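Start with the terms, then move to the elements.

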2 protein chains.
Amino acid sequence: MTRLALLTSGLEVISHLFQISPTKCKSTRWFSRGRIASSKILEEVEKLKALKLELGDESGSTGKLILKTPKGTRDYQPEQMAIRESVLNKVIKVFKKHGGVTIDTPVFELKDVLTGKYGEDSKLIYDLKDQGGEILSLRYDLTVPFARYVAMNKTSTIKRYQVAKVYRRDNPSMSRGRYREFYQCDFDVAGQFDPMIPDAECIKIVQDILTSMDIGNFVIKVNHRQILDGIFEVCGVAKDMFRTICSSVDKLDKSPWEEVKREMIEEKNLDPVAADAIGEFVRMNGGMELVDKLESTSLSESSTAKNGLDSMRLLLKYCALMGCPQSVSFDLSLARGLDYYTGVIFEAVLMAEVRDEKGELIQVGSVAGGGRYDKLVGMFDSKNRDVPCVGVSIGIERLFSIMEANLANTKVRTSETEVYVATAQKNLCEERLKLCRELWDSDVKTEHSYKKNPKLLSQLQECEISGIPLAVVIGESELQKGVVKLRTVATREETEVLRSSLVHSIKEKLNELKASQ
Amino acid sequence: MTRLALLTSGLEVISHLFQISPTKCKSTRWFSRGRIASSKILEEVEKLKALKLELGDESGSTGKLILKTPKGTRDYQPEQMAIRESVLNKVIKVFKKHGGVTIDTPVFELKDVLTGKYGEDSKLIYDLKDQGGEILSLRYDLTVPFARYVAMNKTSTIKRYQVAKVYRRDNPSMSRGRYREFYQCDFDVAGQFDPMIPDAECIKIVQDILTSMDIGNFVIKVNHRQILDGIFEVCGVAKDMFRTICSSVDKLDKSPWEEVKREMIEEKNLDPVAADAIGEFVRMNGGMELVDKLESTSLSESSTAKNGLDSMRLLLKYCALMGCPQSVSFDLSLARGLDYYTGVIFEAVLMAEVRDEKGELIQVGSVAGGGRYDKLVGMFDSKNRDVPCVGVSIGIERLFSIMEANLANTKVRTSETEVYVATAQKNLCEERLKLCRELWDSDVKTEHSYKKNPKLLSQLQECEISGIPLAVVIGESELQKGVVKLRTVATREETEVLRSSLVHSIKEKLNELKASQ
């Protein structure tokens, strides 16, 4: 058995075990309902498929087109889209509740717009081919295009949200819900305002969104770039080392302190004494009492840190007033990698552990992040006019993954069809079309068979499979009497209703069904 | 005066005349309301800006970043987004009414997926730079990715809609609402069904959408590739010339017959006698009577044409049953350029002429198009397994332009904020935040000033400018009495309401306002 054959058979075994096809959805019906296979299993299948493709190439290309989406991307199936729509609607509802307006920017920007904004991550930017024209790149996030927009339109104040895809040539772990193409949902406030008021509202927005998702406990870690800079200052880090040491601290969410410390000392040549001093600070977290405590340490000797601590005090006070005291944690280990942050930074981390259908824990991690960036707009303005900004980005792909896992054993409707128009005998296609027309024109969501003379049984089965609540059955004898049968699909109960008042009867029945849910 | 200075002053004159800033939106307030400047004027400004940029380059680059979106693209402002959202919602509502499910595919595909699908237009495809990995291109339409999806997932039947951006390196006339990045809204039915039933429903969908837009009269032209092939056959065109002659016929919507004929004869070496014979046919249009008439001409000698005419008879019958007889026109000049169509083709053309604010006519043209493509999925299947498909693409960008022009003198709200929480004196910021929290937690869409001690007048002005219906005013004496003022912004009427039942009072007042609209 060749390696390829072995893998192919492995794929089939997995598919059989989990009742999914090797290509995920081998549906022979409309995609109206279905099981969401756990993302974990799908990932395993994806890995095997990738391996199979590689081996296929190895064993001699056939010249046949490889059928796949580009590396790190995926199609969304109708079931996934239905979940995604409901998650997105919850997020957008909160953005609108806080007065957000929305804009849209192109998927690509002049390459120069993105240059120098992402530090070490710039290598992950997708470039377009030079086809004789401008040099373009796909957007890497929504923040830099937003800053470009604010500068270009000379906007002084805007509170905007944007939901759009961004692109990163990463080598993401797709099993953890990370892709090269993924959605971001951003809310940003631009404008000159009083300290910490919009910043606190961004944190309230994160809290509102995560609460509306009902996905368990979370913590919103907050910190301030000036506090971090102050720490580096009092610990004796040279000023030109701040940024690189900061990016080491940023790794504390994934690596233990000992490893981060080793990187600081061995790779970045930091004095071990300084590293140890930093280590003391970055392992602290708490609430208002931590601000008090830090003010009585050496940190208060740095005026930068002092400013940061004053800001933190105000931020925590506003957060408490807006009702998120439990979920906010002042955490000195939070650093965030991006170059453009200048003030408050924050990150929401899911604490609840979600179990998949095999009872295994799905670790989730960060689901939102953001901060203040007061200098980014100025980088685009010909007179370096700054417009202070603060914003948050929701890690919507992770939220999708969690919802998918939560709904793994639930049937998800993918269409909103209310009525299926069926025919009981042959040669009723024309009557069916006339009736469909009447329902469509009355705004009733209606489907029917695309066969001329379909079997009644298969039409009724279609309703049950798709979860369509009502069926209208047209029959010859009923036609002569001026009636049709109205069938409640779930109960299979049928009543005769007047053809002339059918729309009314349907709307009544739909309301009745909705009320009884 | 230099050319650059001249242009700059020209831009300012235009801006002044039309009360728009040279960069479209120099708003100093939230983008909550505003005039939609006519797209015509904006386009002129865009052209001047482009010229200015070029001259700026000419007169010596300063090394400063050019602030623009890539050629052929644009940002959508909040007012435009509000209009776009309402147009899209209408389209999606119709798609859902007909039982559509939705999917999503990546913005880029393996380049091979797109190769050989678009004929002469392939040169317009955007390629990504080879950064060491797969060779990728941006999608050119939603049809080819959909066919790839159907083949890859071994889907037998699906009725799906998709709303997404596509990319074409064209030199579009932006003044006519054409861009290099633009939205498409597609509805396609894949599966083996009986003739013309899904095809007719696609036409019904176009009719439903255009009717719901309320943008005047339109005609849905229909034709059939087999009828066109039959015409070429009986007129003596060599088989290998069918496609190129078809693409000449396709130009009839923009060029007069004489010009198309000249192209056929001079550029494509067609016998003038054949060209004249084609000319007789392609100038015909009508309804069922035209099918009858054609069956008694030489056309009936072609079995291909005969099949096409039979299909057309059935299609017209079904369209009539579904209630769109007036708007459907069997038009022999309709050819449609894309390679992949195999059966019915159709295109909706707006007949009503919309006037812009200067009273000039805005010509609109094609707003939807589609057809049957039975061989495209097979091109992706390793066993060439075909899945017949028919679908329609809505030219949503044109619909946006029309709506923008129609709303040019109307104020468009861009946020949904219901209540603005204002403070009457200093030092009430904390009370304000507490009250906002309460409203947010009760799902009331609420905004407040991001200044600590804003002036009452400026807060109330903000409500009026943004069209926020209600304001809550917190004052010291009221606080002591346990009340707040609830102000109806439009009438400036104020009543005292109990702080403890504020949410209830607000919801009551909002319902009252909604009912009186």
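## Basis

The expected span of a helix is 1.5 Å times one less than its number of residues. Helices (H or I, at least four residues) and strands (E, at least two) are DSSP runs, numbered from the N terminus.

This is a predicted model, where local features need pLDDT of at least 70, side-chain atom pairs count only at pLDDT 80 or more, and totals for chains, interfaces and linings use all residues. Residues are numbered from 1 along each chain as its sequence is written, chains are lettered from A and ligands numbered from 1 in the order in which they are written, and side-chain values use heavy atoms, without hydrogens and water.

## Helix H6 of chain A

Helix H6(A) covers residues 197-213. Its 17 residues should span 24 Å at 1.5 Å a residue, and the end C-alpha atoms are 25 Å apart, which agrees. Of these residues, 15 are buried (under 20% relative accessible area, with exposed over 50% and partly exposed in between; 1.4 Å probe, protein chains only). Asp214(A) follows the helix with a positive phi, near 55°.

## Strand S4 of chain B

Strand S4(B) spans residues 158-167. Because 9 of its 10 residues are buried, the rest of the structure largely encloses it.

S4(B) pairs with S1(B), residues 101-102, in the parallel sense over 2 bridges (pairing takes at least two DSSP bridges). Here Val101(B) has Arg160(B) as its bridge partner. S4(B) and S5(B), residues 181-190, run antiparallel and are joined by 10 bridges. Val166(B) is bridged to Phe182(B) in S5(B).

## Symmetry

Chain A superposes on chain B by a rotation of 180° with 0.0 Å of shift along its axis (RMSD 0.0 Å). The two copies are thus related as by a two-fold rotation axis.

Notes
Least-squares fit on C-alpha atoms with pLDDT ≥ 70 in both.
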